[in-house]
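I opened the notebook today with a few simple things to look up. My notes follow in the order I took them.

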Amino acid sequence: MGDNHIAIPALLKIGPGALGELGTYLKDLRLEKVVILFGNGLIEMFGMDVMKSLAEMGIDVLEYQELDTVRLEDLTSLAFSMPAKTQAVIGIGGGKVIDAAKYCGFLRNLAFISIPTSASSDGFSSASASLLVEGRRKSVPARLAYGIVVDTQIIKSAPKKFIYSGIGDMVSKITALYDWKFEEEHGYGKVNDFATMIAKKAVNSFVRTPFESIEEDLFIKELLDSLAMSGIANEIAGSSAPTSGSEHLISHALDKMLEQPQLHGIQVGIATYLMSVVQDHRYKRVNTIFTQTGFWDFVKTLGMRHVDFEQAIDLAPSIKPFRHTYLHEQEYRDRAKEVLATDEKLKEILV
Ligand SMILES: [Zn+2]
């Protein structure tokens, strides 16, 4: 039995203008000496607002810099060069700098404040970090954020592809949860009912939100809330199983194979549709949300190749040999390739 101590974020603010309130939020938590890591080019975009908000509340910024690395060695030396009096590490930006700050916080046992500027995945609320270890992408254990601050105005102003990526990553909980159940039914591992409930509620609430445009406040808020809940589901489960199944294995395989992979949630989203057909589970719902949001129309412009997905299906089980998703069985790998070759939607979006 693992221990059941769960660290829920002490701070969760998702809404328009949240970044401008950062100083107040940190003051409330008595985090008054901080280090800030910004994504590439983001000091120019958000630096002034952040510094002003912190200065107004008397928060000391001990160090700040832009960071464009997730190499384990770089982050280790960065973490241990942070001043001894540092109380919190703040990461502001896309997936990379969020993972970097998350890992630095973990190494130094400091509060990590997660401030994503795009909605591209659930990484901002997950406990693990995707780092480069000896030249290869690896998901390493870290810790859930102590605080999550999402300014939905900033998310909205980011390129639309990031919203599509977030949609793909969110919808993937449908197939991931089904894989987890499959795994348990076949005698591998144990489903955690509470984690399942949280992840299921998160995705269902999202796919049932009525909207006219994906740039509506309610839609963006719902997407970010649901992505944040997914991270908590992982924390409860003590693994990424509730939010990452066979569809994620296909995406990880594409990351390995391709010189220029697409955004995480784009690859994951396509693989989610494919696997939902294989699982014969809620594929109509997946297709509907991808059609209504414009996800499919966007994907069609990317020229992604059928043959790459075929290879990725074969590679998928070796990505996580200790799991037992649908793709860990030959029968379902064959079925996946058959669906890939015959499904009208997949034929339409892949070349
Ligand atoms: Zn994901």
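**Entry 1: a buried aspartate.** I began with D169, and at 0% relative accessibility this residue counts as buried. I was working on a predicted model, which I keep in mind throughout. Next I asked which residue D169 forms a salt bridge with. The partner is K173, and the closest N and O atoms of the two are 3.8 Å apart. K173 is buried as well, with a relative accessible area of 0%.

**Entry 2: the other partner of K173.** I found that K173 also forms a salt bridge with D122, where the closest N and O atoms are 3.1 Å apart. I then looked up where the two residues sit. D122 is in the loop between β5 and β6 (128-133), while K173 belongs to helix α7 (residues 173-185), so this pair ties together parts that are 51 residues apart in sequence. D122 has a relative accessible area of 8%, and I noted it as buried because the limit is under 20%.

**Entry 3: the zinc ion.** Which residues coordinate the zinc ion? I listed D169 (OD), H248 (NE2) and H264 (NE2), at 2.1 Å. Along the chain these donors follow the spacing D-x78-H-x15-H. The two histidines are 16 residues apart and link distant parts of the chain, with H248 in helix α10 (residues 246-257) and H264 in helix α11 (residues 264-278). Is H264 buried or partly exposed? At 25% relative accessibility, H264 counts as partly exposed. H248, in contrast, is buried, with a relative accessible area of 4%. I also wrote down again that D169, the aspartate among the donors, is the one that forms a salt bridge with K173.

Entry 4: How many salt bridges does a search of the whole structure find? The search gives 22. One that I followed up joins R323 to E183, with the closest N and O atoms 2.9 Å apart. R323 lies in the loop between α14 (306-319) and α15 (330-342), and E183 lies in helix α7, so the pair ties together parts that are 140 residues apart in sequence. Both ends came out as buried: R323 has a relative accessible area of 9%, and E183 is at 6% relative accessibility. I also noted a network of salt bridges that links D297, K300, K345 and E348.

**Entry 5: the sheet.** I turned to the strands and traced an open sheet of 6 strands, in the order β1-β8-β5-β4-β2-β3, with parallel pairing. Which strands stand at the edges? They are β1 (11-15) and β3 (60-66), and each has a single partner strand, so one side of each is left without a neighbour in the sheet. On average, neighbouring strands are turned by 15° against each other, direction ignored. I took a further look at β4 (residues 88-93) and β5 (residues 111-116), which run parallel and are joined by 6 bridges. In this pair, A88 stands opposite A111 of β5.

**Entry 6: helices on the sheet.** Helix α4 (residues 95-108) packs on the sheet and touches β2 (33-38), β4 and β5. The direction of α4 makes about 170° with that of β4. I then found helix α9 (residues 217-237) lying across β1 and β8 (147-151), and α9 runs at about 160° to β1.

Methods
Residues are numbered from 1 along each chain as its sequence is written. This is a predicted model: local features need pLDDT of at least 70, side-chain atom pairs count only at pLDDT 80 or more; totals for chains, interfaces and linings use all residues. Side-chain values use heavy atoms; hydrogens and water are left out. Two strands pair if DSSP finds at least two bridges between them. Helices (H or I, at least four residues) and strands (E, at least two) are DSSP runs, numbered from the N terminus. Axes are lines fitted to C-alpha atoms, for helices over the stretch in contact, and angles run from 0 to 180 degrees between N-to-C directions. Contact means heavy atoms within 4.5 Å. Donors are N, O and S atoms within 2.8 Å of the metal (3.2 Å for Na, K and Ca); water is not among the atoms, so sites may look incomplete. Buried means under 20% relative accessible area, exposed over 50%, partly exposed in between (1.4 Å probe, protein chains only). A salt bridge is a side-chain nitrogen of Lys or Arg within 4 Å of a carboxyl oxygen of Asp or Glu.
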